[in-house]
Amino acid sequence: MTASETRPLTAARTFPPGFLWGTATAAYQIEGAVREDGRTPSIWDTFSHTPGKVFAGHTGDVAVDHYHRFREDVRLMADLGMGAYRFSVSWSRVQPTGRGPAVQKGLDFYRQLVDELLAAGIAPALTLYHWDLPQDLEDAGGWPERSTAERFAEYAGLVADALGDRVARWTTLNEPWCSAFLGYGSGVHAPGRTDPVAALRAAHHLNLGHGLAVQALRAALPADAQLAVSLNLHEVRPRTASPEDAEAARRIDAVGNRIWLGPMLEGAYPQDLFRDTARLTDWSFVRDGDTAAIHQPLDLLAVNYYTPTVVSLVAAGREKPQDDGHGDSEHSPWPGADDIAFHRAPGERTAMGWAVDASALYDLLTRTAARYPGLPLVVSENGAAYEDETGPDGTVHDPERAAYIHAHLDAVHRAISDGADVRGYFLWSLLDNFEWAYGYAKRFGAVHVDYVTLKRTPKSSAHWYSRVARTGQLHPPGGA
Ligand code: FCB
């Protein structure tokens, strides 16, 4: 038992001074204005406009119109006492075809957003890539092609030149696992391809893109800029204590986690990943020097966490439950893992059907901190969708969301008490928004958005989280 486990549950938790309290969003999920000021389609525009791909045919055409309402949204954050804001830049807005010079109007939008944030005392944390590849680059082969990694580094340099004087916190990729394996493996995300070899090639070129982008950022940014990558590390739990289920967990850890952590932080792909996927590819697309290019010093590792991943090995010929919480597809997002079954963890669930398990966040943070000592961590996404209801007086009372955040912040605090160097927490999300293949059907916002009027209303969880952020003290929401 660790020291933190013996603490009374009701005691207030005080977070370290300087801990960053924020919310997170992504460009395609909130901006709208998809045809304005020179922006051209990204793979998510194409995908969402393809019938059958997104729930009820929803698209990000208008989203929550953040492109026009960003001042109001920054004011909301300031009113809520937020100290930081994680947002992403739309590549198609600043370098429409993925090639050539930057479009100043596109960059101006982000300049104005950042200036507004800084004026409100909110630290901007910029993510370069949150899944919205310019469609022209997908037409040229997309992430399975090496040239996309090179294009990404050039784009990183353009954004750094434009915003490096005012943004201190930079993230290269958001959840490359989703880009590679949901985008090119199961096909539930854009561009919707279902080819396991293309997915593995995409994974490598996302890694390479990260490494080349870090080099471009270092060259363009002031020396004290903080560089990170956001990974949705899977907290993989074997369903039973059997050696078979331990083997299943090892394999999912390899293709879910170590496929990124290995080259990015340790300078090599895990050998067991090569063995597990040998039937599909010989990995000859990894060229000499690639892993050295990917292995760049980082200032922070950013972790996105929602729910644990429970796995078992399925005996040959047996029917397997297949529910990894990443949408329905007959194609697996886990190359080389066809005999592994995914199970929903028992207990309470969110509207996504994801099990609520804060202890897995504690385990993830403490294990990652122990493996990479000296590399500070930040939780760059955590949060929950619930079936929020607006009361007759227009307020939204969402005690489940506050309870979810409280439990996970308590886990973060416990991890810090037990030695993990966690520097901040970004709630997903500031606003209800376009939740990818689920369209507008799943609401993750601290702030409710009426999709007809686009009116923003902070939910009760936002008021509670605001008090936590202002005081740096975590109290159970019930008492708030
Ligand atoms: C993460 C994504 C984010 C949002 C949340 C719910 O995987 O990074 O954009 O969709 O899930």
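I counted a contact wherever heavy atoms lie within 4.5 Å. The model I am working from is a predicted one.

**Entry 1: α8 against α9**

I listed the contacts between these two helices first. On the α8 side I found P176, S179, A180, F181, Y184 and G185, and they meet A198, A199, L200, A202, A203 and L206 of α9. Helix α8 covers residues 176-186, and its axis comes within 8 Å of that of α9. The two axes cross at roughly 155°. Angles over 145 degrees count as roughly antiparallel, and α8 and α9 are therefore roughly antiparallel to each other. I noted the crossing of α8 and α9 as right-handed.

**Entry 2: α7 against α9**

I stayed with α9, residues 196-220, and looked up its packing with α7, residues 146-163. Here the axes are 8 Å apart and the angle is about 25°. The cut-off for roughly parallel is under 35 degrees, so α7 and α9 are roughly parallel to each other. The crossing of α7 and α9 is right-handed.

Which residues of α7 meet α9? I wrote down R146, A149, E150, F152, A153, A156, G157, A160 and D161. Their counterparts in α9 are H205, L208, G209, H210, L212, A213, A216, L217 and A220. Sorted by class, the contact of α7 with α9 holds eleven nonpolar, four polar and three charged residues.

**Entry 3: the barrel**

Next I traced the sheet. Eight strands close into a barrel, and I followed them in the order β2-β3-β4-β5-β6-β8-β11-β12. The pairing is parallel. On average, neighbouring strands are turned by 25° against each other, direction ignored.

Strand β3 (residues 84-88) and strand β4 (residues 123-129) are joined in the parallel sense by five bridges. R86 has A125 in β4 as its bridge partner. Helix α7 packs on the sheet here, touching β4 and β5 (169-174). The direction of α7 makes about 155° with that of β4.
Helix α14 (residues 399-417) also packs on the sheet, with contacts to β2, β11 and β12. I noted about 170° between the direction of α14 and that of β12.

**Entry 4: strand β12**

Then I took β12 by itself. Is β12 mostly covered or mostly open? Strand β12 spans residues 422-428, and six of its seven residues are buried, so I put it down as mostly covered.

Strand β2 (residues 20-24) runs parallel to β12 and is joined to it by five bridges. A24 has W428 in β12 as its bridge partner. Strand β11 (residues 377-382) also runs parallel to β12, through three bridges. For L377 the bridge partner in β12 is V422.

**Entry 5: residue I30**

Last, I picked out I30, which sits in helix α1 (residues 27-30). Is I30 buried or exposed? The relative accessible area of I30 is 2%. Buried means under 20%, so I30 is buried.

What does I30 touch, leaving out residues up to four places away in sequence? My list reads T25, V62, A63, V64, D65, H66, Y85, L431 and N433.

Methods:
Residues are numbered from 1 along each chain as its sequence is written. This is a predicted model: local features need pLDDT of at least 70, side-chain atom pairs count only at pLDDT 80 or more; totals for chains, interfaces and linings use all residues. Side-chain values use heavy atoms; hydrogens and water are left out. Axes are lines fitted to C-alpha atoms, for helices over the stretch in contact, and angles run from 0 to 180 degrees between N-to-C directions. Helices (H or I, at least four residues) and strands (E, at least two) are DSSP runs, numbered from the N terminus. Angles under 35 degrees count as roughly parallel, over 145 as roughly antiparallel, 65 to 115 as roughly perpendicular and the rest as oblique. A crossing is left-handed if the near helix is turned anticlockwise from the far one by less than a right angle, and right-handed if clockwise. Ala, Val, Leu, Ile, Met, Phe, Trp, Tyr, Cys and Pro count as nonpolar, Asp, Glu, Lys and Arg as charged, and the others, Gly among them, as polar. Buried means under 20% relative accessible area, exposed over 50%, partly exposed in between (1.4 Å probe, protein chains only). Two strands pair if DSSP finds at least two bridges between them.
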